[in-house]
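Reader: Could you take me through the contacts in this complex? I would like to go interface by interface and then turn to the ligands.

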Amino acid sequence: METKPLTGRFREDGRAVSLKEYHAAGGYDGLMMALSMHPDNVQKRVQDARLRGRGGAGFPTGLKWSFVPRTPGDKYFIVNADEMEPGTFKDRELMERDPHQVIEGAAIGAYAIGAHTAYIFIRGEYRYAEKCLQQALDEAYLQGILGKRVMGRDYALDIHLHLSGGRYICGEETALLNALEGKRPIPRAKPPFPQVAGLFGQPTVVNNLETVCNLPHIMRLGPEWYLSLSRCEDGGTKLYGVSGPVNRPGLWELQLGTTAREILEIQAGGMRPGHELRAFQPGGASTDFLLPEHLDVPLDFDSVMAVGSRLGTGCLIVLDRQTCPVKMVLNLETFFARESCGWCTPCRDGLPYTETVLRDLVAGRGCHEDLELLQEMIQWMAPGNTFCALAPGAMAPLQSALRYFREDFERYAGKGDG
Amino acid sequence: MSTSSLTPDEITAIRKALDTYLWPEAAAVDALYIVQQRHGWVDDAKLEAVAGVLGLSPAYLDSLATFYPLLHRKPVGRKVIRYCDSVSCWLMGSDRLAASLRERLGIGEGETTSDGAYTLLPHPCLGACHQAPVAMVADRLLTGLDPADPDTLLEEGDGN
Amino acid sequence: MVEIEIDGHTYQVREGASLLPTCLELGLRLPYFCWHPALGSVGACRQCAVVQYKDAEDVRGRLVMACMTPVRQGLRIGLEHPEAERFRASIIECLMTNHPHDCPVCEEGGECHLQDMTVMTGHVRRRYRGFKRTHRNQHLGPFINHEMNRCIACYRCLRFYRDYAGGTDLQVFSSGHRVYFGRHRDGPLENEFSGNLVEVCPTGVFTDRTFSAHYARKWDQEYAPGICPHCAVGCNLSLGARAGVVRRVINRFHPKINGHFLCDRGRFGYDAVNDRLVRPRFEGETGVSGAALDILRGWRKEGPLIGIGSPRASLESNYALQRLVGKENFHLSPTASDRQLLDRVLALLMRPEVRVPAPLECEECDAILVLGEDVTQTAPRVALALRQAVQRHARDRAEALGGQPWQAGVVKQTDIGLRHPLFLVVPHATHLDSVAHYCHYAPIGEMARLGFEIARAVEKGADGHVTPASDIAATLLKAERPLIVCGTSCRCPELLEAAESVAMALARRRGSAVDLLCIVPECNSLGVALLGGGTLEQALEKVERGEVNGIIVLEDDLYQRASASRLDNALNRLDRLAVIDAWNHRTAQRAKLFLPAAPWSESVGTWVNLELRAQRSFAVQPPQGSSRAAWRWIDAAGAGEWPDLEALFDDLLQDYPQLRPIQALTPDPSGPVPRQPHRFSGRTALNAPRQMHEPKPPPDPDSPLVYSMEGLPFHLQPPELQPFYWQPGWDSHSGALNANPRQADRGVRLVDSMGPGDWPIGISATESPGGEKTGRYRRGYWQVVPRYHIFGSEFISARAPAIVQRTPGPYVALGPEDVVKLGLRSGALLRVHWDDEELVLPLIVEHGLSPGVAALPWGLVPWFPADGEIGLQPLEKGE
Ligand SMILES: Cc1cc2nc3c(=O)[nH]c(=O)nc-3n(C[C@H](O)[C@H](O)[C@H](O)COP(=O)(O)O)c2cc1C
Ligand code: SF4
Ligand code: FES
């Protein structure tokens with residue numbers, strides 16, 4: 001429990017931790033502690049713990065909170081449980097197996113920014129996770145953990161679940177706000193940032209679900225303990241996952257900064273017999289490929305960045321030598337093209353275009369010029385050139401694939417020339 | 001606008017959803033789910049009825065409904081099979097799974113079997129990548145599927 | 001002003017503005033799609049990318065969207081940076097993956113913003129080999145065509161229709177590259193401003209359906225700067241014509257009146273001019289002009305004639321008639337009570353405590369009280385401006401939160417929970433209700449009473465929010481720029497008086513003039529009120545007394561002004577009735593002599609709008625058939641000796657020295673202004689069936705415009721006379737305008753130069769204003785209020801085929817309570833009667849209509865009772 005705070009309570013049988021069990025393992029002590037502190041001090045504690053957001057961008061959580069104005073008025077805290085990044089399956093586990101941890105974390109976050117309403121935004125496919133959370137919420141209300149007087153203190157909080165209608169873009173925090181408001185989930189222009197004017201025009205913080213699950217423990221055991229969990233500058237553990245042709249695909253809570261080699265070879269038991277590692281995406285579909293030579297890179301935010309990728313969601317996707325990397329990229333781009341919200345041109349029309357070019361390539365209709373075209377597309381959809389980060393994320397695997405697997409692309413490229 | 005195509009229960013449930021939010025638009029997806037739960041999809045009459053309860057224009061509501069892939073604006077089979085076609089499942093053979101499902105059901109993607117039993121849809125990552133390939137039948141997640149064996153999937157899917 | 005650097009050149013520009021329009025105004029070619037000067041920036045299309053450098057040292061820079069970038073001192077920009085150019089070409093390449101190659105058959109062809117941008121970015125080679133997505137098109141009613149496959153998803157249509165104009169039936173559906181812009185189901189676009197989609201859409205998705213019926217390429221039409229004759233707002237527009245057919249109306253930017261947008265009545269009402277009378281008629285037989293004139297001259301010799309002028313005719317024609325018959329025999333078609341209202345309006349507008357805003361200035365007002373007007377129906381463009389005023393607080397808030405007031409998305413997402421400063425006191429539900437903070441529906445008398453109550457509360461300096469009146473008063477008092485909107489549509493002098501007392505109280509409290517806009521019925525209502533003349537009743541009395549030899553009616557149907565029995569009674573005694581008009585109507589049918597007047601599209605004329613702004617409208621084509629400008633008929637009948645309009649105008653100003661400022665109306669250009677674009681084709685071919693050599697272009701003695709492509713180049717044309725917009729590289733109408741925005745205010749505001757003593761009061765103010773409208777009525781009788789319809793209530797536009805399709809049939813409307821009380825359903829037939837009139841009309845339920853009050857559609861049923869009450873008897877219960 002002290003080294004695996006997020007998953008330490010998980011039951012062997014996979015069922016959700018009950019409120020009784022949760023209490024027995026120190027549950028809601030963190031919230032109690034937070035409620036006894038001034039919200040500013042809660043924020044300070046989280047800043048000191050150097051918790052960085054687990055939603056993909058790694059933004060320091062305490063710092064994000066500090067942008068919320070201290071003025072009175074409605075504020076909202078939102079837990080982002082949209083988890084639609086392909087290859088990612090961490091938030092679901094947290095919801096299904098320890099729902100009270102989510103609620104406690106959300107309550108701490110809400111208290112820290114002075115919000116009296118919180119929403120948990122769950123992707124629509126996660127019906128079972130929703131059920132677990134709803135049950136936990138009902139228990140929490142019944143026990144006076146939520147409601148007009150949270151844990152008997154002079155603080156009111158309501159937490160609502162919202163089931164999304166689908167689409168990857170809904171996870172982007174400003175699109176999520178529009179989705180919750182009942183508008184089309186198109187990202188918003190910034191400034192103003194959500195912390196200043198977010199949901200229903202009020203100051204709002206959006207945090208990833210895993211991020212939120214860290215909060216009770218930081219409250220309870222303190223920043224120093226939290227920092228000691230990790231192997232890097234930033235604090236805490238991280239849920240790492242592996243999918244693809246490995247012996248034991250799965251999800252583990254490990255020290256932040258664990259190397260890819262330890263995760264792949266020890267936790268996941270190495271490649272399946274007859275499969276050889278060609279490359280891996282360190283944190284979901286929108287992260288650049290890394291090669292076997294990067295296996296010893298610690299998977300923390302800064303180290304992964306230094307080798308040209310992103311930690312992302314920390315869920316690794318493994319590519320073996322038998323599988324065609326061009327086809328894998330085609331699969332990825334098909335996803336991104338389908339999920340574009342349709343707001344900005346490069347993403348809406350550029351991604352289907354990318355998909356078409358790749359499809360032509362693998363169908364033997366490609367030409368050499370297509371590789372230049374793909375290279376250009378990476379520029380069209382470079383960060384800053386599109387309205388939000390969806391398309392740049394889509395370009396990450398393409399760009400690294402073109403660099404690392406050039407010969408595979410070349411092999412296809414000749415076919416349509418004649 | 002007539003609300004007669006909704007049951008009193010549905011109307012009550014929609015009104016309750018309204019309490020969760022600051023304004024009616026925000027309850028739109030909840031409301032459409034409520035209707036879809038019973039009928040499998042949302043037809044024009046029900047969409048207009050829901051719009052009436054929420055006080056929104058049907059066009060506004062349809063603008064949302066058509067954005068979201070989990071809301072059906074066309075009829076679907078009694079069971080919707082959503083096999084994951086995203087990267088991890090693809091690596092583990094979702095292509096072959098899809099092909100065997102198509103063959104077994106005799107339909108293409110997006111189509112419904114003639115007996116109205118199944119609709120087959122490709123679906124983005126279902127968040128169970130370590131158990132790939134996976135599919136969702138009705139609201140049930142089925143994992144660790146054998147790409148060559150569509151029947152187990154159909155049987156398990158029937159097990160609700 | 002700040003200094004910025006673009007591609008190494010420095011420029012002085014306005015601080016805080018968006019970089020995109022700043023570049024355009026500097027004459028730089030920067031392509032764009034989603035930006036629109038009135039709709040602001042949203043950064044969606046990514047077409048306007050430029051490189052921005054951090055500082056003087058930065059050599060790499062990064063791409064930013066010009067439309068989203070505020071101009072600041074020291075901004076350094078690379079517009080021609082190769083990276084920016086490549087990126088901009090890539091946007092077109094992306095858009096072209098789905099855009100069809102149907103330019104040859106596309107009505108947008110040749111004036112297409114997408115074509116322009118494609119050329120501008122230099123994207124020429126197609127690399128995409130995939131399929132294009134296809135869509136089904138919808139039937140959107142008589143005004144608009146739909147071809148969704150041409151859509152480039154700039155979202156402008158939605159942002160105009162839904163966010164700017166408040167329409168609820170156009171939406172975007174689906175997601176990704178499948179997005180679809182249309183209606184939930186096929187059907188006419190409901191919003192009153194749908195026609196602007198034609199200009200707002202940068203491609204050919206939404207095109208003008210009335211134009212399709214007689215389509216001609218942009219460069220193959222002749223154009224003229226016109227003024228919309230369909231209401232008193234006086235929007236500026238451009239008429240396009242070819243080969244004797246007026247083809248379409250497009251917006252002509254006026255910075256203070258209509259900006260970028262027209263209402264659908266103004267845009268689609270033009271077609272009436274293509275179906276009208278063009279031959280003289282005597283005793284039912286078509287005749288020739290000379291004979292017709294001889295007859296009129298003969299009548300004149302035989303005895304005194306009465307002239308009846310019209311508020312839809314120009315100042316010039318009315319004046320000509322006055323000269324022909326003499327001042328003492330000149331009357332105006334509005335009845336005494338309507339004239340009294342107009343005189344009251346003039347007096348009100350000229351009060352020093354009142355400031356009359358231009359229509360678009362209403363957008364700046366931060367508290368608005370509308371008293372008794374369904375503005376959307378009676379002055380549509382003003383209603384659109386009021387809608388923008390409502391967003392003022394949101395713009396301020398967006399700015400306070402670090403956004404820009406021109407970032408439309410930011411404004412929209414911050415417009416939450418803000419109190420919209422619009423108060424409506426109206427007889428029934430209106431289309432502005434949904435954005436109003438407070439709506440009060442009441443019978444006419446009660447509306448006036450509430451008005452007086454507000455005035456008293458203002459007087460007392462109310463700050464409480466106890467009653468609606470004190471709440472409204474408190475908001476008006478707090479406002480920086482409060483506005484009162486009133487009008488004559490309820491035909492109730494007390495309502496005007498109430499509006500006046502609110503304005504006076506506010507002015508006293510504030511110590512400065514207060515904005516007040518008063519809506520009057522017709523395009524020249526105030527113009528003719530300034531000329532003065534007897535009332536219609538007085539004219540009829542003269543006839544009844546046998547004092548006159550004949551009547552000349554100018555451009556009007558008297559049966560829409562007074563009751564049929566009264567008119568029949570008078571006209572039956574009189575043999576000599578002459579009507580000068582372009583259309584047939586009940587009065588024209590009775591006329592012994594009919595002279596075809598050139599309608600507004602074929603003659604020059606001056607009108608005075610609701611802000612007392614005189615504006616001149618020009619002919620787009622010579623008078624068709626035997627028609628002539630009405631004043632020319634009158635001149636030929638012996639009124640004066642006016643070789644051209646200028647000569648007539650000189651006489652007019654001699655007689656009305658207070659109108660002298662109008663002299664400045666038309667600038668004297670340094671040469672002729674061509675109506676034809678330089679690429680105008682087929683001059684010879686057009687005429688080939690009749691003669692092979694090129695005919696001399698028809699003369700136009702009345703204006704500096706010529707029927708030719710030769711004359712002043714665009715940049716030397718005064719904006720008052722500029723017939724259409726074009727700039728090299730910018731063939732689309734709006735693109736050309738934005739590339740060279742000439743913001744010049746135009747027209748002459750008489751209100752700024754005239755005082756209370758400056759016009760002849762036509763009738764004595766002591767005459768009875770008509771029945772006391774208190775809502776106490778006899779049993780079985782209802783107070784009747786006119787219900788106005790943008791489509792149908794105005795005479796000329798009601799004759800345009802597309803408008804006819806959107807015009808409701810005659811009906812009588814009651815409020816929901818009365819309908820329930822009477823046990824009726826909508827559609828039930830009622831016998832409706834007043835005076836000698838009796839009609840059977842279907843029932844409509846009108847939300848907000850008070851008990852005891854009925855509404856009749858103005859212009860769609862005969863003249864209403866003067867005493868304001870009607871009897872109703874149900875004939876059947878309804879469906
Ligand atoms: C296209 C797109 C999809 C995203 N999807 C998710 C998601 O499903 N879950 C999530 O937590 N964050 C997602 N994000 C990141 C969020 O925008 C946001 O940064 C995050 O929720 C912040 O939480 P954190 O600070 O706790 O990391 C997505 C971002 C983008 C651009
Ligand atoms: S009808 Fe009135 S508001 Fe509409 S365009 Fe014409 S003048 Fe303007
Ligand atoms: S005009 Fe700037 S992004 Fe569209």
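Author: Between chain B and chain C there are seven residue pairs in polar contact (both at pLDDT 80 or more). A polar contact is a pair of N or O atoms within 3.5 Å; within protein, one must be able to donate a hydrogen and the other to accept it, and residues adjacent in sequence count only if both atoms are side-chain atoms.

Reader: Which helices of chain B supply at least two residues each of the side that touches chain C?

Author: They are helix 3 (44–54) and helix 4 (58–65) of chain B. Helix 4 of chain B provides the largest share, five residues. Helices (H or I, at least four residues) and strands (E, at least two) are DSSP runs, numbered from the N terminus. By class, the side of chain B that touches chain C has six nonpolar, three polar and four charged residues. Here Ala, Val, Leu, Ile, Met, Phe, Trp, Tyr, Cys and Pro count as nonpolar, Asp, Glu, Lys and Arg as charged, and the others, Gly among them, as polar.

Reader: Before we continue, what kind of model is this, and how is it numbered?

Author: This is a predicted model, in which local features need pLDDT of at least 70, side-chain atom pairs count only at pLDDT 80 or more, and totals for chains, interfaces and linings use all residues. Residues are numbered from 1 along each chain as its sequence is written, chains are lettered from A and ligands numbered from 1 in the order in which they are written, and side-chain values use heavy atoms, with hydrogens and water left out.

Reader: Back to chain B and chain C: how many salt bridges are there?

Author: There are two salt bridges between chain B and chain C, a salt bridge being a side-chain nitrogen of Lys or Arg within 4 Å of a carboxyl oxygen of Asp or Glu. One of them joins B:Asp44 to C:Arg185, with the closest N and O atoms 3.9 Å apart.

Reader: And what area do chain B and chain C bury?

Author: Together they bury about 930 Å², 58% of it on carbon and sulfur atoms. Buried area is the accessible area (1.4 Å probe) that two parts lose on being put together, summed over both. The contact (heavy atoms within 4.5 Å) takes 13 residues from chain B and 10 residues from chain C.

Reader: Now chain A and chain B. How many residues does the contact take from each?

Author: It takes 54 residues from chain A and 37 residues from chain B. These two chains bury about 3,700 Å² between them, with 61% on carbon and sulfur atoms. A:Glu125, A:Arg127 and A:Gly165 supply 16% of the area that chain A buries against chain B, more than any other three residues.

Reader: Which residue forms a salt bridge with A:Arg127?

Author: B:Asp139 does, and the closest N and O atoms are 3.8 Å apart. The count between chain A and chain B is two salt bridges, along with 16 residue pairs in polar contact (both at pLDDT 80 or more). Among the elements giving two or more residues to this side of chain A are helix 5 (91–97), strand 3 (158–163) and helix 12 (325–339) of chain A. Helix 12 of chain A gives the most, with seven residues.

Reader: Let us look inside chain A. What are its domains?

Author: An automatic or database domain assignment gives domain 1 (19–229), domain 2 (237–316) and domain 3 (325–415). Domain 2 of chain A and domain 3 of chain A bury about 1,000 Å² between them, 63% of it on carbon and sulfur atoms. In domain 2 of chain A, A:Arg278, A:Asp288 and A:Phe289 lose the most area to domain 3 of chain A, together 56% of what that side buries.

Reader: With which residue does A:Arg278 form a salt bridge?

Author: The partner is A:Glu407, and the closest N and O atoms are 3.3 Å apart. Two salt bridges are counted between domain 2 of chain A and domain 3 of chain A.

Reader: Turning to the ligands, which residues come nearest to ligand 1?

Author: Of the 18 residues around ligand 1, A:Gly55, A:Lys64, A:Asn80, A:Asn208 and A:Thr211 come nearest. A residue is near a molecule or strand if one of its heavy atoms lies within 4 Å of it. An N or O atom in the side chain of A:Asn80 is 2.9 Å from an oxygen atom of ligand 1, and for the side chain of A:Asn207 the corresponding distance is 3.0 Å. A:Arg54 places a backbone N or O atom 3.3 Å from an oxygen atom of ligand 1.

Reader: And what is the make-up of the shell around ligand 2?

Author: The shell divides into seven nonpolar, three polar and two charged residues. Its residues include C:Cys228, C:Cys231, C:Cys235 and C:Cys263, as well as C:His230. Helix 7 (264–268) and helix 12 (380–389) of chain C each supply at least two residues of that shell.
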